[in-house]
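Subject: Handing over a structure, with notes on its salt bridges

Dear colleague,

I am passing on the structure below and would be glad if you could look it over before reading my notes.

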Amino acid sequence: MFLVTDIIPAGAWFTDTEVIEGISITTGSWGDAGSLMVTADQPLLKPPAGNHAKTVLSGITVNNTGSAPLEVTGIRVSWDPDDGEMIREAAFTRGKGGEAPRAGPKGAGSNPEPAGDEGFTVFWSGEAVSGHLLEGQAQLGPATRDDPARGILLTFGSNMEGKSLVCTIILDDGNEKEVRLQV
């Protein structure tokens, strides 16, 4: 399901919430963020298993429906209940053929330019608590038939099953949109 909003005049706030099969999706728009669409149609949570002491969440999709590039300068991820878990990485992925973007095996880098293949580009890496602003730089070009959307890949240091998460995308002009989901 895609939630689309019209461009809202500066100073106006729009919010819409829908619950779909246990996933609550909230989008908001402030000024120019009307071109940014954030969805979570097919979230996938891979909890820690075996040698992997991390949880990976994919399936959050961002799309630039406008005609000009958008600059992402921050991502804020919050979760509840907060039991002291840490987020370790936020990355942008790219899908092909309209499929939901997922992380691939082609490596990562800190290049703020658009990702080249179906791999992923690290936006931020380190350790942060719930609600901390993850600063980085990524450009979201206008959506095309061959490049319809980017995904966000979040890596946590511990199991995140049963948490309510909010992922907020922040643009260089301070405008933002968020998506909420239950994992």
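Glu-178 has a relative accessibility of 19% and so counts as buried, where buried means under 20% relative accessible area, exposed over 50%, and partly exposed in between, computed with a 1.4 Å probe on protein chains only. Please keep in mind that this is a predicted model, in which local features need pLDDT of at least 70 and side-chain atom pairs count only at pLDDT 80 or more, while totals for chains, interfaces and linings use all residues. Residues are numbered from 1 along each chain as its sequence is written, and side-chain values use heavy atoms, with hydrogens and water left out.

Glu-178 forms a salt bridge with Arg-180, their closest N and O atoms lying 3.1 Å apart; the term stands for a side-chain nitrogen of Lys or Arg within 4 Å of a carboxyl oxygen of Asp or Glu. Arg-180 is partly exposed, at 35% relative accessible area.

The structure holds four salt bridges, and Asp-83, Glu-85 and Lys-163 are linked in a network of them. Lys-163, which is buried at 4% relative accessible area, meets the side chain of Glu-85 at 2.6 Å, N to O. Glu-85 lies in the loop between S6 and S7 and Lys-163 in the loop between S10 and S11, so this pair ties together parts that are 78 residues apart in sequence; the strands are DSSP runs (E, at least two residues), numbered from the N terminus.

Terms used. Helix = DSSP H or I, 4+ residues; strand = E, 2+ residues; numbered from the N terminus.
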